[in-house]
Amino acid sequence: MKKRYYGLAVGMAAVLLAGCGQKQEAPPSGEQAPASTQAQEEGGEEGGGTSGGLALSGRHWKIGGQVRQTSLYLYYARDLGLFQEAGLDVEIVTLANGPALNEALNAGEIEAAANGMAAVYVLPTENFYYVGDTTINFGGQAMYGRTDSDIVKAGVYDGTKYYGSPESVAGANILGLGAGPQQFIAYAYAEALGLDSEGIEFVAMDHAQAYEAFITGQGDLLATTPPYSNILGGDSAYTLVADYMDLAGGPLVDSFIVDRDLAEEYPDDVVAILNCCYEAMDRLAKDDGARAEYAVNLYKNEGGTTYSDEDMASEIKNVTFWTWESLENPEYPFGNTMTVMGEFLMEQGLIEEGSMPQIEAALNHSYVDRLLEYRKGSGE
């Protein structure tokens, strides 16, 4: 199978996963730090004004997120009080997954989203800008089979890293979240074995539902995400069959999407929001202890998912965030996951053929450019 990920430097994983820096104290999840007096004087909650040279509108922003690694930085920024300190009026709307965020964006129920790969489905509408690369997933997005299944017993397929064979996989029932990396894993895996999307049956389910169905005997394979991949990886009854990194040839980089009309009307608001988000990412990337404490509490208290210490250690190993240094010196193309996934999904008939010009036009780096200029001008 041809590798679909382009422009990735070999050392990227090592650079981004090397956590270092000053310790940051994690706030209790769900508690917002009070806004500073200076920020309020600069006009955040009272209807607009300037904040460090940015002319903010004072409007209310509804930003969608998921209580998982994809949007962790968004909640961290909230609970550190970064939005308030910047003079922003931000409401986080929690939704179950990427497809749900897409539906809310299309319906106008939210105006921006800390989304994952699923964002590629809304970019062809030309109603949204992709304004930032966010969470970086080096592992955990994977597919598992039962160790005693014919698929696993077939061994590693001819010159690949994947378990199975065309004969054992043909007609396989694969469970996983639709319109996201799990569906990509299923179809790319089939392609790697010489099959096409019609050679398997992909059954779309929510992450938790798919996991429960699989461990109770349903389906032949499960394409999943942390913490479920962590659990299956530590159980000898299950075997890793295929991994996103191998299939795509590089990490899965998540997305920050903003309504196009609003981004054009309120560019300084978008820059200020991104400033808060990347500041939160920088802190998460540089302090594993604070990240672990905060994430475990957030996932349990707001997401209803309990992570063990091992689950969190695995997530920190496999998933990281941008630092300010890496944002200034990116080692792969902006929005690369969107273009790679867009090409693949068009091949599979899941996105309308000919959508690449719209996807590429939606990848708008100007807001990150303005953010970096703003930080230089403000001495940060």
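1. Terms and model. Helices (H or I, at least four residues) and strands (E, at least two) are DSSP runs, numbered from the N terminus. The model is predicted: local features need pLDDT of at least 70, side-chain atom pairs count only at pLDDT 80 or more, and totals for chains, interfaces and linings use all residues. Residues are numbered from 1 along each chain as its sequence is written, and side-chain values use heavy atoms, with hydrogens and water left out.

2. An open sheet of 5 strands has the order 9-8-10-7-11, with mixed pairing; two strands pair if DSSP finds at least two bridges between them. Strand 9 (201-204) and strand 11 are the edge strands, each with a single partner strand, so one side of each lacks a neighbour in the sheet. Direction ignored, neighbouring strands of this sheet are turned by 30° against each other on average. Axes here are lines fitted to C-alpha atoms, for helices over the stretch in contact, and angles run from 0 to 180 degrees between N-to-C directions.

3. The parallel pair. Strand 8 (residues 173-176) and strand 9 run parallel and are joined by 4 bridges. Within this pairing, G176 stands opposite A204 of strand 9.

4. Strand 7 and its partners. Strand 7 (residues 142-146) is joined to strand 10 (residues 221-224) by 4 bridges, and the two run antiparallel. M143 stands opposite A223 in strand 10. Strand 7 also runs antiparallel to strand 11 (residues 238-243), with 5 bridges between them. Here R146 has Y238 of strand 11 as its bridge partner.

5. Strand 6. Strand 6 (residues 128-137) has 10 of its 10 residues buried, so the rest of the structure largely encloses it. There are 7 bridges between strand 6 and strand 12 (residues 252-259), which run antiparallel. G132 stands opposite F256 of strand 12. Strand 6 also pairs with strand 13 (residues 319-320) in the antiparallel sense, over 2 bridges. I136 has T320 of strand 13 as its bridge partner.

6. The cavity. How many cavities of 30 Å³ or more does a search of the whole structure find? The search finds 1. On a 1 Å grid over the protein atoms alone, a cavity is a set of points where a 1.4 Å probe fits but cannot get out; lining residues have an atom within 4 Å of a point. The largest cavity has a volume of about 150 Å³. Grid points are joined across faces, edges and corners, and a volume is the space filled by probe spheres set on the points.

7. The lining. The largest cavity is lined by 22 residues, and R68, T70, G116, M117 and P181 lie nearest its centre. Helix 5 (98-107), helix 8 (181-192) and strand 12 each supply at least two residues of this lining. By class, the lining holds 7 nonpolar, 13 polar and 2 charged residues. Ala, Val, Leu, Ile, Met, Phe, Trp, Tyr, Cys and Pro count as nonpolar, Asp, Glu, Lys and Arg as charged, and the others, Gly among them, as polar.

8. Salt bridges, R59 and E111. A search of the whole structure finds 10 salt bridges, each a side-chain nitrogen of Lys or Arg within 4 Å of a carboxyl oxygen of Asp or Glu. In the one between R59 and E111, the closest N and O atoms are 3.2 Å apart. This pair links distant parts of the chain, 52 residues apart: R59 is in the loop between strand 2 (54-56) and strand 3 (60-65), and E111 in the loop between helix 5 and strand 5 (112-115). E111 counts as buried, at 14% relative accessibility.

9. D268 and R370. The side chains of D268 and R370 form a salt bridge (2.7 Å, N to O). D268 in helix 13 (residues 267-286) and R370 in helix 19 (residues 366-378) are 102 residues apart, so distant parts of the chain are linked. Is each end buried or partly exposed? D268 counts as buried at 14% relative accessibility, whereas R370 counts as partly exposed at 37%.

10. The network. R78 and D79 form a salt bridge, with the closest N and O atoms 2.7 Å apart. Both R78 and D79 are buried. R78, D79 and E302 are linked in a network of salt bridges.

Technical notes: Buried means under 20% relative accessible area, exposed over 50%, partly exposed in between (1.4 Å probe, protein chains only). On a 1 Å grid over the protein atoms alone, a cavity is a set of points where a 1.4 Å probe fits but cannot get out, and a pocket is an open set with protein on both sides within 12 Å along at least five of seven lines; lining residues have an atom within 4 Å of a point.
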